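Thanks, everyone. Let me put the structure up, and then we'll walk through how the pieces pack.

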Amino acid sequence: MIPRMGLRDAGHGLANVLPGAAAAVAARLPLPVAESVGSRTALLFGMLPNRFFRRAVENLARAFPEQSAASRVALARGAAAHYGRETAALANWFACADPHRELPAICVNYAELRATIGRDLEGGRGAIYLGGHFGNPQLLSALCGTVAPVTGVGTDYHRRSHLGFVTEGRQRLGLRYIPENSPPLDLLRALQRNELVTFLPDVQPRRNRGLWLPFFGTPACTTTFPAALARLTGCVLRPIYLAREGGRYQAIVRDPIAAPDPAEGDAGVARAMLAWTATLEEEVRRRPEQWLWMARRWRAMPEDARPVSLPVTPASPAG
Amino acid sequence: MSESAQVLDFVNARLARNGPVRDTSLDLMSARIIDSMAMLELVVWIEQTFGVRVQNDDLSAANFRSVDTMAAYIRRSMAAQSAR
């Protein structure tokens, strides 16, 4: 039987092809033109029926239930335009002649970012930077990479050729990425070499292996791996984001999270990840149009799971 | 104290949450005692305790499935290191 292809499938198929096609064009255009093409292409994507856009609207409904359906759709279109603009900008930066020399100029507070990284590495145990699908996390890694070596965890886009430019760009900028769900020894080694490790923990862990932490008031399964790795190594654990500010970007450098003390047990790991998820929620509330989340962030909680309730108190000071 | 006894002590002290492990051939992965984070804890402990360097390729179920396989892996690694 020949499968029927409906408008929904066509929209989804196009949504799969558009980012790669737009990136290929964007890499060859002047940056402002590329960004304009990117945002308009993504707006077109937002008008087509597809599951990514539908999920974005659903996520916005969960996050901002007080808003009307019409304003959430408008917000989702704004987020789609942001996504397109940032994808185009990323493709453009990945293709530029000397990104390490040119990238710092795009960040209004690059000096602060640089100083922060310097301080975080003073302890000699590396640092874990926790971001999110907000602003432009890829460009943030690239900016950090101009200061210190960066190892991240990311999707292996080799198998998804339309986003292959991301993998190629990472390699070009010297960013090391290990595929999700691969042995994490490289992350440990990076910290032992006093380098940076980046995580985007706002993704669904496999088989719900995480804690159900409140995100916009609803439990969302969240990996505890970064906090557990910080507990193991004693490295710095810091939430950090990169938000678009007009034609440039601002690094949102949040205070470091107290690394979990082994004596706290699992409560310390929960406390640390709760602190991170609270910062992400705050930043999304400030700039909801820069929230790029188009997957199911809130899934059904299994019956035997228990949400982590607020507050998880920090360990009592010793002595 | 044998490598096997040391590994068993570490597993029971740091990783086993639902009662102590007594069977050194127990599949710790199937029993959900070892996940990716526990594996890193084991790597750090093995390197500090036995002075061997764990390689990426060594992080396999064949080496880390049970207390017995870990003890065997540690013995092999120590022998290989002293042969160098």
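Start with the largest nonpolar core of this predicted model. It holds 100 residues. Which members touch the most others? They are I128(A), L139(A), L143(A), L237(A), A272(A) and M273(A). The biggest contributor is helix α4 of chain A, residues 69–95, with 11 residues. And the core draws on both domains of chain A: at least three residues come from domain 1, and at least three from domain 2.

Take I128(A) as one example. Leaving out residues up to four places away in sequence, I128(A) touches V197(A), F199(A), P226(A), L229(A), A230(A), C235(A) and L237(A). Keep L229(A) in mind.

Now the domains. The assignment for chain A gives domain 1 as 1–95 and domain 2 as 107–319. How many residues does each side put into the contact? Domain 1 of chain A puts in 23, and domain 2 of chain A puts in 26. On the domain 1 side, α1 (7–26), α3 and α4 of chain A each supply at least two residues.

The crossing is right-handed. Who meets whom? From α3(A) we have F53(A), A56(A), V57(A), L60(A) and A61(A). Facing them in α4(A) are R72(A), V73(A), L75(A), A76(A), A79(A) and A80(A).

On to the interface between the chains. Nine residues of chain A contact nine residues of chain B. On the chain A side, the elements giving two or more residues are α9 (185–192) and α10 (225–233). Which one has the largest share? That is α10(A), with four residues.

What does α10(A) pack against? One partner is α2(B), residues 36–50. The angle is about 15 degrees, with the axes 10 Å apart. The cut-off for roughly parallel is under 35 degrees, so α10(A) and α2(B) count as roughly parallel to each other. This crossing is right-handed too.

Now inside chain B. Here α2(B) packs with α1(B), residues 3–15. The angle is about 135 degrees, and the axes are 11 Å apart. That makes α1(B) oblique to α2(B). The handedness is right-handed. Q6(B), F10(B), R14(B) and L15(B) come from α1(B). A38(B), E41(B), W45(B) and T49(B) come from α2(B).

Last stop, R84(B). Where is R84(B)? In the segment after α4 (67–83) of chain B. Is R84(B) buried or exposed? Exposed, because R84(B) has 4 other C-beta atoms within 10 Å, and 12 or fewer counts as exposed. For a sense of distance, take D57(B), 27 residues away along the chain. The C-alpha atoms of R84(B) and D57(B) are separated by 19 Å.

Conventions: Residues numbered from 1 in each chain as written. Chains lettered and ligands numbered in written order. Predicted model: local features only at pLDDT ≥ 70, side-chain atom pairs only at ≥ 80, totals over all residues. Core = buried A, V, L, I, M, F, W, Y, C linked by C-beta atoms within 7 Å. Buried ≥ 20, exposed ≤ 12 C-beta atoms within 10 Å, placed from the backbone. Domains from an automatic or database assignment. Contact = placed C-beta atoms within 7 Å. Left-handed = near helix turned anticlockwise from the far one by under 90°. Axes fitted to C-alpha atoms, helices over the stretch in contact; angles between N-to-C directions. Parallel < 35°, antiparallel > 145°, perpendicular 65-115°, else oblique.
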